[in-house]
Amino acid sequence: MANEWSTFGADLHLELRGTRLRAGLMDALREAVRSGRLEAGTRLPSSRSLAADLGMARNTVADAYAELVAEGWLTARQGSGTRVARRAAPRTPALSTPSPPSPPSPPPAGTGRARPGAPVHNLQSGTPDLASFPRAEWLKAYRRALTDAPHEAFGYGDPRGRPELRTALAEYLARARGVHARPERIVICAGFVHGLTLIGEVLRARGVRDVAVESYGLWLHDGLLRRAGLGTPALSFDERGTRTDELSGLDGCGAVLMTAAHQYPLGGALPPDRRAAVVDWARASGGFVLEDDYDGEFRYDRQPVGALQGLDPERVVYFGTASKSLAPGLRLAWMVLPQGLAEEVAAAKGAADWSSSAPDQLAFAEFLRSGAYDRHVRAMRLRYRRRRDQLVAAVAEHSPETRVSGIAAGLHAVLALPPGTEQATLRAAAWRGLAVQGVNRFRRPAVPPTLDGLVVGYATPPDSGWQGALQALCGVLPQGDLTTG
Ligand SMILES: Cc1ncc(COP(=O)(O)O)c(C=O)c1O
């Protein structure tokens with residue numbers, strides 16, 4: 001069946017295929033946008049007039065418009081009607097067949113930042129819910145901290161950071177994460193990336209050649225180590241997690257970077273025998289374990305998995321960050337270091353940019369001391385847990401064969417995909433205005449590909465966009481096309 005209709009003087013040709021009216025209309029509209037026949041910003045006819053043109057029920061057209069808005073093809077605003085979304089129009093005409101779609105320019109990997117032309121839905125992992133930043137409580141803490149601060153707090157101070165914050169962190173980390181922490185062994189840094197840069201520099205200066213990494217992780221992190229002049233051999237990964245037994249075969253390896261409590265991004269906790277083994281390796285070899293405890297506050301289904309550092313504070317360097325529990329924009333993180341390393345890292349920090357403003361550190365110290373941090377983390381844990389449950393339920397309903405893993409903790413989950421389908425799924429997601437990452441984005445270059453999947457960050461979307469994001473996600477999963485029917 002073919003139909004012609006006109007909108008504001010422009011003749012357009014819509015080919016409606018098949019018998020499912022809404023799905024056929026949606027395919028035809030997507031195709032018209034994809035091919036460039038409907039340009040960005042073009043106003044579509046009202047659902048009433050299009051329904052009359054096509055001989056359909058008005059609701060069918062209205063539903064199709066609403067779904068295309070949710071997918072990011074169209075926009076709808078009171079007073080300006082339904083229009084082709086700015087980002088939906090490709091630069092070059094695509095083929096006239098509706099699938100497979102070509103991707104728009106790739107989303108900004110790993111950042112979660114909005115920018116012109118950014119996708120409509122953001123399920124990239126890495127960013128917490130920024131709308132929930134506890135502004136009022138933070139302001140209170142800031143005011144109290146500034147009121148009470150001694151004059152010397154506004155000077156250069158100790159490169160390790162404000163003693164008030166190091167003292168408050170020592171208490172909190174011992175209580176909440178089982179870390180053996182004394183204030184003089186803590187160095188405040190501007191994010192985990194800053195801490196890792198400092199430790200990389202110190203290890204290299206000590207003559208360390210390599211720092212082992214996990215098979216999957218954030219590319220930024222082994223990049224930082226390599227920039228410090230270190231090699232980054234990757235440990236294999238099996239069904240129980242990272243193969244710590246391989247460390248003893250790595251000559252010249254002076255440290256290993258691990259996300260032991262919640263592997264990033266695959267999600268498991270390192271089993272107890274491997275936790276013990278990695279610490280044994282460090283003791284026997286004189287090496288260090290660099291423990292990236294990036295989201296230890298967010299565990300849902302089990303007792304918290306304590307920090308590895310508790311097993312041997314002289315061999316494990318513990319890293320924590322406020323980037324997940326509060327906001328990455330604060331650039332506040334901390335390291336708990338073995339004795340010798342603490343002095344060397346403080347010296348390295350003192351010889352460069354000290355970062356982390358003293359007033360911010362004082363405010364965070366007050367935030368911790370007053371109990372506001374515990375309250376905020378508890379509230380966010382409930383919120384993220386609810387999101388996680390909704391994600392699991394939506395996937396179970398729309399794509400029952402898709403396995404969801406890594407859900408016991410953190411702000412993201414991993415959705416397994418049939419072998420060889422990750423790239424096509426990512427392209428389909430991009431066309432639905434959905435920014436999401438594949439597990440292979442996190443695979444170290446030397447590691448052979450064995451998994452296909454999506455890493456779905458569920459913390460970031462605002463409440464108003466959450467259902468649309470879930471819908472877009474389910475629409476690209478196997479047998480999960482919500483636009484049909
Ligand atoms: C594995 C991992 N570690 C640490 C961090 C925190 O980094 P930062 O403290 O530099 O913001 C992140 C943030 O995305 C992460 O994914």
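At 13% relative accessibility, Glu67 counts as buried, a label given to residues under 20% relative accessible area, while exposed means over 50% and partly exposed lies in between (1.4 Å probe, protein chains only). The model described here is predicted, so local features need pLDDT of at least 70 and side-chain atom pairs count only at pLDDT 80 or more, whereas totals for chains, interfaces and linings use all residues. Residues are numbered from 1 along each chain as its sequence is written, and side-chain values use heavy atoms, with hydrogens and water left out.

**Salt bridges**

The structure holds 29 salt bridges; the term denotes a side-chain nitrogen of Lys or Arg within 4 Å of a carboxyl oxygen of Asp or Glu. Glu67 takes part in one of them, with Arg22. This pair links distant parts of the chain, since Glu67 lies in helix H3 (residues 58-71) and Arg22 in helix H1 (residues 21-34), 45 residues apart. Helices (H or I, at least four residues) and strands (E, at least two) are DSSP runs, numbered from the N terminus. Arg22 is also buried, at 18% relative accessibility.

| Pair | N to O distance |
|---|---|
| Glu67 and Arg22 | 2.3 Å |
| Arg144 and Glu366 | 2.7 Å |
| Asp280 and Arg283 | 3.5 Å |

Arg144 in helix H4 (residues 135-148) and Glu366 in helix H10 (residues 358-369) are 222 residues apart, and their pair likewise links distant parts of the chain. Arg144 is partly exposed at 34%, whereas Glu366 is buried at 11%. Asp280 and Arg283 are separated by about one helical turn, because they stand three residues apart in helix H8 (residues 272-285). Asp280 is partly exposed, with a relative accessible area of 41%, and Arg283 is partly exposed as well, at 44%.

**An open sheet**

Four strands form an open sheet in the order E15-E16-E19-E18, with antiparallel pairing; two strands pair if DSSP finds at least two bridges between them. Strands E15 (404-405) and E18 (437-438) stand at the edges with a single partner strand each, so one side of each has no neighbour in the sheet. E18 is joined by two bridges to strand E19 (residues 453-457), and Gln437 stands opposite Val455 in E19.

**The ligand**

The ligand is surrounded by 13 residues, the closest being Phe192, Asp292, Thr321, Ser323 and Lys324; a residue is near a molecule if one of its heavy atoms lies within 4 Å of it.
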